[in-house]
Amino acid sequence: MSQFDTIIPRKGTFCAKWDRQGGDYLPMWVADMDFRCAPELLASVEKRLSHGVFGYGANTEETGEAIVSHYKRLYQADISIEDLVWIPSVMPGANLACRLAGGKMIYQTPMYSHIRRLPKEARTTAIEVPMKEEDLYFTMDFDALEAAIDEETKVFILCNPHNPVGRVFSREELLKVADFCEKHDLLVVSDEIHCELVFDRPHIPFFTVSDWARNHSITLSSAGKISNIPGLPTGFAIIPNREMREQYRDICLGLFSTPNALSFAALCASYNGSCAGWKRELLSYLENNRDYMEERLKKMGLPVVHNEGTYLAWIDVRGEGIEDPFTFFRENAGVHMNAGTEYDRNGKGFVRLNFGCPMSQLKEALDLCEKALIAHRNKRS
Ligand SMILES: Cc1ncc(COP(=O)(O)O)c(C=O)c1O
């Protein structure tokens, strides 16, 4: 038995996924995992907690060094502590990056729902361009981007690994992004929060693909996803371009409070190598969940996009004649997923399923969905 098989009751723990569903459903939605953190990470937080004094924080040097070494070890990427800017979490960091760019943003859909709220939050507008979909394989559509972009566009939002379609973009694709953005003089805001959650191929940080990319991008990340600590928020921006970094620091001035002691204890443990064994086990567990889920859905006759990274599955319900698949599965199967329309205004026929949970929970969710689907198909025929 794996440590990740353990069911940990989360109801009543101020937990968005379990406590904010508006009913009693099996929650397969919000992007956190139903797993306990790595013991090494918990020990780091407990040590800091048991110290018992929580004055203003200062020394983030050790965490910075851990991140720099981590990037070297995992991605052979050269960054220095000076390139890092601490942010409260990824989304506020993205907001500030967009404000810095000071213009319209462009991105491809489907796209993570909170990124779709960024235009409003960053007081700007967005051009949404559909990705190319061929046999349920999603790629960036550069012809469509060319046709849609205008003079006021200043920022390209990249989400890699991609939420919700689970793509891990190749070097070739990332170089195309760099070419497109160089041509149109865009700042690339690269949300790489899922970067360690990859199965089929390694993650490539965007800033490593070329000198241009290094100098014209702001990479945002955190340990929120891989170490399952979004409730201990803190993150970092990687900005190798010194001038841009100074501008970013300037726009951050006065906005953030002191570094959170417990968040930093967790962040440091996530990057200093102490959780490496736990992360390996997690990835193999998630990969097994993914394979099981894809196989089960195939048998059910429900197409699903093959997931290369993240623990999120993009399921195609277009062929079932169901007007609103999210509500259908919630009300008929008791399974709460995310509605495709959160990610794409044309995403009516999709749902997003979070498979970051014990296998028994995943099986239960798929059993319930299958039953509801069979009943629906029988009624239709
Ligand atoms: C792609 C992506 N970016 C950002 C976030 C949230 O980041 P944070 O909680 O660090 O603001 C999520 C959470 O689901 C995500 O999937």
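User: Hi! How are H12 and H13 oriented to each other: roughly parallel, roughly antiparallel, oblique or roughly perpendicular?

Analyst: H12 and H13 are roughly perpendicular to each other. Angles of 65 to 115 degrees count as that, under 35 as roughly parallel, over 145 as roughly antiparallel and the rest as oblique. The axes of H12 (residues 325-333) and H13 (residues 359-380) cross at roughly 100° and come within 9 Å. Axes here are lines fitted to C-alpha atoms, for helices over the stretch in contact, with angles from 0 to 180 degrees between N-to-C directions. Helices are DSSP runs (H or I, at least four residues), strands are E runs of at least two, and both are numbered from the N terminus.

This is a predicted model, where local features need pLDDT of at least 70, side-chain atom pairs count only at pLDDT 80 or more, and totals for chains, interfaces and linings use all residues. Residues are numbered from 1 along each chain as its sequence is written.

User: Which residues make the contact?

Analyst: H12 brings Phe 329, Asn 332 and Ala 333, while H13 brings Leu 368, Cys 369, Lys 371 and Ala 372. Contact means C-beta atoms, placed from the backbone, within 7 Å. By class, that is five nonpolar, one polar and one charged residues. Nonpolar covers Ala, Val, Leu, Ile, Met, Phe, Trp, Tyr, Cys and Pro, charged covers Asp, Glu, Lys and Arg, and the others, Gly among them, are polar.

User: Switching to the ligand, which residues come nearest?

Analyst: Ala 31, Ser 89, Val 90, Met 91 and Asn 163 do, out of 15 residues around the ligand. A residue is near a molecule or strand if its C-beta atom, placed from the backbone, lies within 6 Å of it.

User: How is the chain divided into domains?

Analyst: Domain 1 is 3-39 + 276-380 and domain 2 is 53-271, with bounds from an automatic or database domain assignment. Their C-alpha centres lie 26 Å apart. The contact takes 26 residues from domain 1 and 28 residues from domain 2.

User: Which element gives the most on the domain 1 side?

Analyst: S11, with four residues.

Terms used. Contact = placed C-beta atoms within 7 Å.
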